Amino acid sequence: METNSSALISLLLFLSVLLLFGYINNNFFSVNSSPKFEYTTVFSVPIVELQTKAISISTSSDHHHDDPILTVHNSAAPSNNTTVLTVTKNVKKKKKKNVKLSKEEEEMEHGLARARATIRKAASLTGNISRIVADGDENDVAGTIYLNARAFYQSYMEMEKRFKVHVYSEGELPIVHDGPCKDIYTIEGRFIHEMEHGAKRFKTRDPRRAHVYFMPFSVTWMVKYLYKPLTYDHTAMKQFVADYVRVVSSKYPFWNRTQGADHFMLSCHDWGPHASHGNPFLYNTSIRVLCNANSSEGFSPRKDVSLPEIHLYGGNVPPKLISPPPATSPRPYLAFFSGGLHGPIRPILLDHWKGRDPDLQVYEYLPKDLDYYSFMLRSKFCLCPSGHEVASPRIVEAIYAECVPVILSDHYVLPFSDVLRWEAFAIQVNVSEIPRLKEEC
């Protein structure tokens with residue numbers, strides 16, 4: 001199915017960008033350089049983060065020479081006060097040993113070095129572009145929507161050539177190797193299904209030839225089968241994740257080789273970040289592919305991936321969105337929103353605009369005789385406020401409907417923001433500016 005493939009390709013593309021640019025820091029991939037182009041992000045990251053494998057050198061007359069010292073530091077970050085426990089220990093610096101790579105590891109190392117070189121070369125080229133020629137193929141590209149279109153395209157081509165994912169076989173249905181495919185968390189199940197049963201050119205059964213390792217558990221199914229309703233207790237989910245990491249790390253050498261830096265999990269459920277707390281290295285070191293990409297709740301753009309959320313009713317994109325009307329068709333409404341009062345932002349939106357202005361069609365719940373997607377297709381701007389968590393499927397729906405997304409959210413790291421210039425096709429409005437929304441659209 002086309003929607004399956006596009007979601008898979010998009011995610012693997014972003015992972016390949018992280019990998020090939022050397023953002024995965026570990027003892028295996030020794031080439032670790034940054035790209036030569038820069039960009040400005042629109043999100044904030046907490047100042048204090050738990051740094052794994054970090055040992056600070058200190059001395060204390062009150063402790064034995066080799067005893068660890070436990071100290072507590074309170075973050076001065078105004079937006080996210082946290083407490084971090086730091087273990088300090090008197091240790092002597094040891095010389096790093098040169099680890100001899102296997103034949104497979106050497107091949108991957110050389111391949112990644114070549115890929116990085118070609119991506120950097122593409123990124124360094126200047127000038128406006130409408131078409132790209134690479135490997136003898138000429139392709140149209142909407143250069144204005146990318147931070148660097150040439151780097152994007154070259155990284156995509158490198159992904160197609162060499163990127164390999166190993167999917168762990170451990171775990172049993174339904175929580176592992178399966179996921180939802182017909183609701184708001186659809187992309188979680190679709191990705192797991194594609195990695196298990198499709199995507200042959202990206203998947204490798206030989207873990208020695210893998211660039212990254214996928215742990216195919218479903219947080220959505222953990223909530224369904226392990227969570228006790230109304231308790232808000234995440235213990236069972238965290239324990240499941242802890243057990244899964246323990247199994248794969250004790251059975252295979254790959255997790256311990258990098259302390260999970262080249263492993264990833266994927267979750268579109270709001271509680272994906274909570275589940276990842278089951279193992280500290282998974283939370284702090286591994287790649288977490290999350291729809292709930294909230295930088296104020298531990299999401300780290302340096303290593304994590306923001307995944308777009310899409311609600312596929314019945315498992316398919318609605319026909320109206322697949323074939324939007326011609327660009328010349330009238331769009332009589334300036335903006336549109338319809339949705340429940342979930343979270344702190346939507347009540348503000350409805351309080352200021354529900355029923356206040358005919359140009360801004362703002363509803364809590366749309367009357368049964370009106371069609372949601374018809375309103376999107378007849379509006380110039382589609383309002384996309386966060387609910388309980390930062391992500392909203394309306395952003396993807398708006399893009400399908402060729403309706404400019406107006407993103408109303410705090411601390412949301414937008415999907416693929418290392419690749420896309422979101423300001424080229426969307427508007428971000430601060431929550432404090434909601435009363436002036438008509439002026440922003």
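Let's start at helix α11 (residues 346-353), where Arg346, Leu349, Leu350 and Trp353 are buried. Buried here means under 20% relative accessible area, with exposed over 50% and partly exposed in between (1.4 Å probe, protein chains only). Helices (H or I, at least four residues) and strands (E, at least two) are DSSP runs, numbered from the N terminus. Looking down the axis of α11, its buried residues fall within an arc of 90 degrees, so they line one face of the helix; the arc is that of the directions from the helix axis to the C-beta atoms.

A quick word on the model: it is predicted, so local features need pLDDT of at least 70 and side-chain atom pairs count only at pLDDT 80 or more, while totals for chains, interfaces and linings use all residues. Residues are numbered from 1 along each chain as its sequence is written, and side-chain values use heavy atoms, with hydrogens and water left out.

What do the buried residues of α11 pack against? Their partners are β10 (333-338), β11 (360-363), β12 (379-385), α13 (394-400), β13 (404-408) and α14 (437-440). Contact means heavy atoms within 4.5 Å. After α11 comes Gly355, whose phi is positive, near 70 degrees.

**Around α13**

At 41% relative accessibility, Ile399 counts as partly exposed. Setting aside its neighbours within four places in sequence, Ile399 is in contact with Pro405 and Phe425.

**The parallel sheet**

Elsewhere, 5 strands make an open sheet in the order β5-β6-β7-β8-β9, with parallel pairing. At the edges are β5 (165-167) and β9 (305-306), each pairing on one side only. Two strands pair if DSSP finds at least two bridges between them. Strand β7 (residues 263-267) and strand β8 (residues 287-290) pair in the parallel sense over 4 bridges, and Leu266 stands opposite Val289 in β8.

Helix α4 (residues 186-197) lies across β5, β6 (212-214) and β7, running at about 135 degrees to β7. For that angle, axes are lines fitted to C-alpha atoms, for helices over the stretch in contact, and angles run from 0 to 180 degrees between N-to-C directions.

Ser218 is in the loop between β6 and α5 (219-225). Is Ser218 buried or exposed? At 0% relative accessibility, Ser218 counts as buried. The side chains of Ser218 and Glu188 are joined by a polar contact of 2.5 Å. A polar contact is a pair of N or O atoms within 3.5 Å; within protein, one must be able to donate a hydrogen and the other to accept it, and residues adjacent in sequence count only if both atoms are side-chain atoms. Beyond its neighbours within four places in sequence, Ser218 is in contact with residues including Ile175, Asp178, Pro180 and Ile192.

**The cysteines**

The structure holds 2 disulfides, a disulfide being a pair of cysteine sulfur atoms within 2.5 Å.

| Disulfide | S to S | Torsion about S-S | Hand |
|---|---|---|---|
| Cys268 and Cys291 | 2.0 Å | about -90 degrees | left-handed |
| Cys382 and Cys403 | 2.2 Å | 115 degrees | right-handed |

The Cys268 and Cys291 disulfide has its sulfur atoms 2.0 Å apart. Cys268 lies in the loop between β7 and α8 (272-276) and Cys291 in the loop between β8 and β9, so the pair ties together parts that are 23 residues apart in sequence. Cys268 is buried, and so is Cys291.

The other link, Cys382 to Cys403, is right-handed at 115 degrees about the S-S bond. It connects distant parts of the chain: Cys382 in strand β12 and Cys403 in the loop between α13 and β13, 21 residues apart. Cys382 counts as buried at 1% relative accessibility, and Cys403 does at 2%. With the bonded cysteines of the protein chain numbered in sequence order, the pairing is 1-2, 3-4.

Cys384 is buried, at 2% relative accessibility, whereas Cys181 is partly exposed, with a relative accessible area of 24%.

**The whole chain**

The protein chain has 14 helices and 14 strands. Of its 441 residues, 51% count as buried. Among contacts in the protein chain with a separation of 6 or more, residues 24 or more positions apart account for 68%.
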